[in-house]
Amino acid sequence: MRLLRRYKVREVTENLGEHSNHTHIPIFFPIFLRTLSSFLPEGFAEEMATSLLKTSPLSVRTKLLHQTRSSLYNTSHGFYEEEVKKKLQQFPGGTVDLQKEDNGIGILTLNNPSKMNAFSGVMMLQLLEKVIELENWTEGKGLIVRGAKNNFCSGSDLNAVKGLANPEDGMALCMFMQNTLTRFMRLPLISVALVQGWALGGGAEFTTACDFRLMTPEGKIRFVHKEMGIIPSWGGTTRLVEIIGSRQALKVLSGALKLDSKNALNIGMVEEVLQSSDEAKSLEEAQEWLRQFIQGPPEVIRALKKSVSSGRELYLEEALQNERDLLGTVWGGPANLEAIAKKGKFNK
């Protein structure tokens, strides 16, 4: 039955590819997927969608991935998001707060200070909600992630960890948080983690999902997973290797190299150590540091970030075609025409 189903998926998508105009696929794809989901067995629609993406031209495939905000995992991987959400809802405590400034900088605050801003189940759900909100914030250009009361985040709340102790629940939580943090990493906003105090476990992993990291003088980053008898599961290992390389990542993950602010700066884990450890003053420093990256109209900054994200994640040909497509959203646009009219060619 499984083989027959896969054959039918391939047959339908190949016929669709032969008889449709690929340039129109992104327009009807979400409707197509919802329609399939309404009458096909669970997981079948996603399987057909994946097959369609694989048989579509590269630039079309890229557009589909951006348009659907594709998650890493779905029912075809044994991941059932609504079931995971119901379980996480059972573990309350703390909040994830989002403040959007008029200058295009958002401030995302992990707020559970009695537990060093550890993620409760409800906070994990709220993080996903805030990521979706940020995906739709068209005026946004930058984002600062911080913790309340001078600590970044101490990972998962142990109440949630104890309540999700079997391997099946652990895998489901892994997939949920990898989905969420991958969407966070792909946000068209230039992001920076402000590490005040401790960033432990999952908190350390969260810092790696940001484009940049800043630390206060007393800040500390610790991947304590080994001491808990596990490994990073929110994508932290993969991203850490990309940031500091495999040799340094092994030192950090094994605990041989302790990341205080000096060591973190030396190995390139953070961009800068701030002057102040005061909560309010260090936030002001982080905002001032971020402003150098977000001078200009939102549509240009967001296109830049999308282009960099595709260059990191896609194959060369796909990334180049995506860069072309993104250029089409800003070339001849208001910012481009205004710059040409004002300055002509740049001589500096």
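The model is predicted, so local features need pLDDT of at least 70 and side-chain atom pairs count only at pLDDT 80 or more, while totals for chains, interfaces and linings use all residues. Residues are numbered from 1 along each chain as its sequence is written, and side-chain values use heavy atoms, with hydrogens and water left out.

**Exercise 1. Overall make-up**

Task: State how many helices and strands the protein has, and what percentage of its residues count as buried.

Solution. Begin with the elements: the protein has 16 helices and nine strands. These are DSSP runs, numbered from the N terminus (helices: H or I, at least four residues; strands: E, at least two). Next comes burial, where buried means under 20% relative accessible area, exposed over 50%, and partly exposed in between (1.4 Å probe, protein chains only). Of the 348 residues, 47% count as buried. Finally, consider contacts, meaning heavy atoms within 4.5 Å. Among contacts between residues at least 6 apart in sequence, 73% join residues at least 24 apart.

**Exercise 2. The nonpolar cores**

Task: Identify which members of the largest nonpolar core touch the most other members.

Solution. A nonpolar core is a set of buried Ala, Val, Leu, Ile, Met, Phe, Trp, Tyr and Cys residues joined through side-chain atoms within 4.5 Å. The largest core has 54 residues, and those touching the most other members are F119, F184, F206, I221 and M269. Take F206 as an example: leaving out residues up to four places away in sequence, its contacts are L108, L110, F119, L127, V145, F152, L181 and F184. There is also a second, separate core of 15 residues, with I105, I107, V192 and F212 among them. As background, nonpolar side chains in soluble globular proteins tend to be buried together.

**Exercise 3. The two sides of α10**

Task: Determine which residues of helix α10 are buried and which exposed residues lie on the face turned away from them.

Solution. Helix α10 covers residues 236-244, and its buried residues include G236, R239, L240 and I244. Seen down the helix axis, the buried residues of α10 fall within an arc of 110° (taken from the directions from the axis to the C-beta atoms), so they line one face. The face turned away from this buried side carries the exposed residues T238 and E242. The cover over the buried residues of α10 includes α8, α9 and α11 (246-254).

I243 also lies in α10, and is partly exposed at a relative accessible area of 26%. Not counting residues up to four places away in sequence, I243 touches T208, R213, G268 and M269. Just after α10, G245 takes a positive phi of about 90°.

**Exercise 4. A pocket and a cavity**

Task: Give the volume of the second largest pocket and of the largest cavity, and describe what lines each of them.

Solution. On a 1 Å grid over the protein atoms alone, a cavity is a set of points where a 1.4 Å probe fits but cannot get out, and a pocket is an open set with protein on both sides within 12 Å along at least five of seven lines; lining residues have an atom within 4 Å of a point. Grid points are joined across faces, edges and corners, and a volume is the space filled by probe spheres set on the points.

The second largest pocket holds about 680 Å³ of space. It is lined by 28 residues, of which S156, V161, H225, M228 and I230 are the closest to its centre. The elements giving two or more residues to this lining are α7 (158-163), α8 (167-185) and α9 (202-208). The largest share, four residues, comes from α8. By class, the pocket lining has 16 nonpolar, eight polar and four charged residues. Here Ala, Val, Leu, Ile, Met, Phe, Trp, Tyr, Cys and Pro count as nonpolar, Asp, Glu, Lys and Arg as charged, and the others, Gly among them, as polar.

The largest cavity has a volume of about 40 Å³, and its lining consists of S71, E81, L128, F176, N179, T180 and R183. α8 gives the most to the cavity lining, with four residues. By class, the cavity lining has two nonpolar, three polar and two charged residues.
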